[in-house]
Amino acid sequence: MGNKGKVSGILSIISGVFGLIWGTLLIIIAIVMGVKATMVTVINNPDGQIGLFILICGIFGITLLLIGVLSIIGGVYSVKRKYWGLGLAAAVTGM
């Protein structure tokens, strides 16, 4: 078996970090768009399409944050060679 557990754990951690970065960026985009939308587009956009975009960005951002955290935790346990099921879950969510 060798170092395959450590390699998969490290890759899961790297994938989790990318998930945290992208999730944070999406949440920042949702916050900035929310502030801009309340100032400008309430008058110009009565259909609420901007609000739907903000909601989708926020939901995807939070989901990516949660998956990233799970992937990092599972990757750490995979490197330590403990809790095989959590390491497997991290590998699946890292994909």
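Accessible areas here come from the Shrake-Rupley method with a 1.4 Å probe, and for residues only the protein chains shown count as cover.

Ground rules, before I go on. I'm reading a predicted model, where local features need pLDDT of at least 70 and side-chain atom pairs count only at pLDDT 80 or more, while totals for chains, interfaces and linings use all residues. Residues are numbered from 1 along each chain as its sequence is written, and side-chain values use heavy atoms, with hydrogens and water left out.

**Confidence.** I checked pLDDT, the predictor's confidence in each residue from 0 to 100. The protein's mean is 80, and 85% of its residues reach 70 or more. Helix 2 has the highest mean among the elements (86), and helix 3, residues 84-94, the lowest (75).

**Layout.** I count three helices and zero strands, in the order α-α-α along the sequence. Both kinds are DSSP runs numbered from the N terminus: helices are H or I with at least four residues, strands E with at least two.

Of the 95 residues, 21% are buried. My cut-offs are under 20% relative accessible area for buried, over 50% for exposed, and partly exposed in between (1.4 Å probe, protein chains only). Contact means heavy atoms within 4.5 Å. Taking contacts with a separation of 6 or more, I find that 72% join residues 24 or more positions apart.

**S78.** I found S78 in helix 2, residues 49-80. Is S78 buried or exposed? S78 is buried, because its relative accessible area is 14%. Beyond its neighbours within four places in sequence, S78 is in contact with G5, S8, G9 and G87.

**S15.** This serine sits in helix 1. I log S15 as partly exposed because its relative accessibility is 21%. Not counting residues up to four places away in sequence, S15 touches S71 and G94. I also looked up S15 and G75: they are 60 residues apart along the chain, and their C-alpha atoms are separated by 9.2 Å.

**V17 and the patch.** V17 lies in helix 1, residues 4-44, and counts as partly exposed because its relative accessible area is 37%. V17 belongs to a nonpolar surface patch, whose members include V7, F18, W22 and V32 and together have about 1000 Å² of accessible area.

Conventions: Patch = residues over 30% accessible without salt bridge, like charges linked within 9 Å, V, L, I, M, F, W, Y side chains within 5 Å. Salt bridge = Lys/Arg side-chain N within 4 Å of Asp/Glu carboxyl O.
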